Amino acid sequence: MAPLASSTRELFTEAVRAVLETWPVLQIAVDNGFGGAYSQQKAEWMVDALRQYFIDNDELQQDEVEDFISDLMNNEFDTVVDDGSLPQVAQQVCEMFQQCQQDRLTEVREQIKQLIQKKSAGRAKATPAAAADESQDEVVNSSQHLKLWSVMEGQTELQSTVQQ
């Protein structure tokens with residue numbers, strides 16, 4: 001397909017930003033400084049890096065996008081994403097890119113709007129996971145374990161576990 005026009009590229013950048021800003025794993029990594037003092041800047045850079053990855057590569061498959069995002073999280077935030085959310089994030093970004101390529105911009109704008117509403121509805125919170133026995137104590141001491149809680153409209157539910 002033809003490369004994205006400038007205005008469409010900007011819309012795709014907004015879409016990537018909306019997806020990443022509502023992804024609880026990245027949110028927790030930034031909020032807890034997993035990327036060091038510049039965690040917020042790294043998250044903003046990830047938006048541009050992911051957009052550029054799509055621009056530079058033709059016909060990306062979802063698993064390639066998953067691997068790229070996983071590498072970014074590991075390299076920039078020292079975080080291994082094993083909560084099952086990575087395929088969803090990659091799929092969302094891939095679908096929005098295809099919609100941009102097909103000039104289905106109204107659909108992309110609507111999805112961005114929904115993501116922004118989701119973002120304002122609640123933030124993810126992290127709490128240290130309690131160790132069940134001594135062997136787990138060693139694991140807890142050697143790496144950071146966080147349980148990811150999602151707070152949406154006053155309800156709290158366990159979403160996943162993030163290991164770092």
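Colleague: Why is Phe54 called buried?

Modeller: Phe54 has a relative accessible area of 4%. Buried means under 20%. Therefore Phe54 counts as buried. Keep in mind that this is a predicted model.

Colleague: How do you know that Phe97 counts as buried or exposed?

Modeller: The relative accessibility of Phe97 is 11%. The cut-off for buried is under 20%, so Phe97 is buried.

Colleague: What makes Phe12 and Phe97 a pair, and which kind of pair is it?

Modeller: Their ring centres are 5.0 Å apart. Rings pair if their centres lie within 6.5 Å. The planes of Phe12 and Phe97 meet at 65°. Planes over 60 degrees apart count as edge-to-face, so this pair is edge-to-face. Both Phe12 and Phe97 are buried.

Colleague: Why do you say that this pair ties parts together?

Modeller: Look at where the two residues sit. Phe12 lies in helix α1 (residues 6-21), and Phe97 lies in helix α5. These parts are 85 residues apart in sequence, so the pair ties them together.

Colleague: What is the pair of Phe54 and Phe97 called, and why?

Modeller: This aromatic pair is tilted. The distance is 4.9 Å centre to centre, with 45° between the planes. Under 30 degrees would be stacked and over 60 edge-to-face, so an angle between those limits counts as tilted. The pair also links distant parts of the chain. Phe54 is in helix α3 and Phe97 in helix α5, 43 residues apart.

Colleague: What links Phe12, Phe54 and Phe97 into a cluster?

Modeller: Ring pairs do. In total, the structure holds four aromatic pairs.

Colleague: Now α4. How does its reach compare with the expected value?

Modeller: Helix α4 covers residues 62-77, which is 16 residues. From first C-alpha to last, α4 reaches 22 Å. That is close to the 22 Å expected at 1.5 Å a residue.

Colleague: Which residues of α4 are buried, and how do you know that they line one face?

Modeller: The buried ones are Val65, Glu66, Ile69, Leu72, Met73 and Phe77. Seen down the axis of α4, they fall within an arc of 125°, so they line one face of the helix. Their cover includes α2 (24-31), α3 (39-56) and α5 (86-101).

Colleague: What follows α4?

Modeller: Asp78 does, and its phi is positive, near 50°.

Colleague: Last one. Why does Thr8 count as buried?

Modeller: Thr8 is found in helix α1. Its relative accessibility is 7%. Buried means under 20%, so Thr8 is buried. Thr8 touches Cys100 and Leu105, not counting residues up to four places away in sequence.

Methods: Residues are numbered from 1 along each chain as its sequence is written. This is a predicted model: local features need pLDDT of at least 70, side-chain atom pairs count only at pLDDT 80 or more; totals for chains, interfaces and linings use all residues. Side-chain values use heavy atoms; hydrogens and water are left out. Helices (H or I, at least four residues) and strands (E, at least two) are DSSP runs, numbered from the N terminus. The expected span of a helix is 1.5 Å times one less than its number of residues. Buried means under 20% relative accessible area, exposed over 50%, partly exposed in between (1.4 Å probe, protein chains only). The arc is that of the directions from the helix axis to the C-beta atoms. Contact means heavy atoms within 4.5 Å. Rings of Phe, Tyr and Trp (its six-membered ring) pair if their centres lie within 6.5 Å; planes under 30 degrees apart count as stacked, over 60 as edge-to-face and the rest as tilted.
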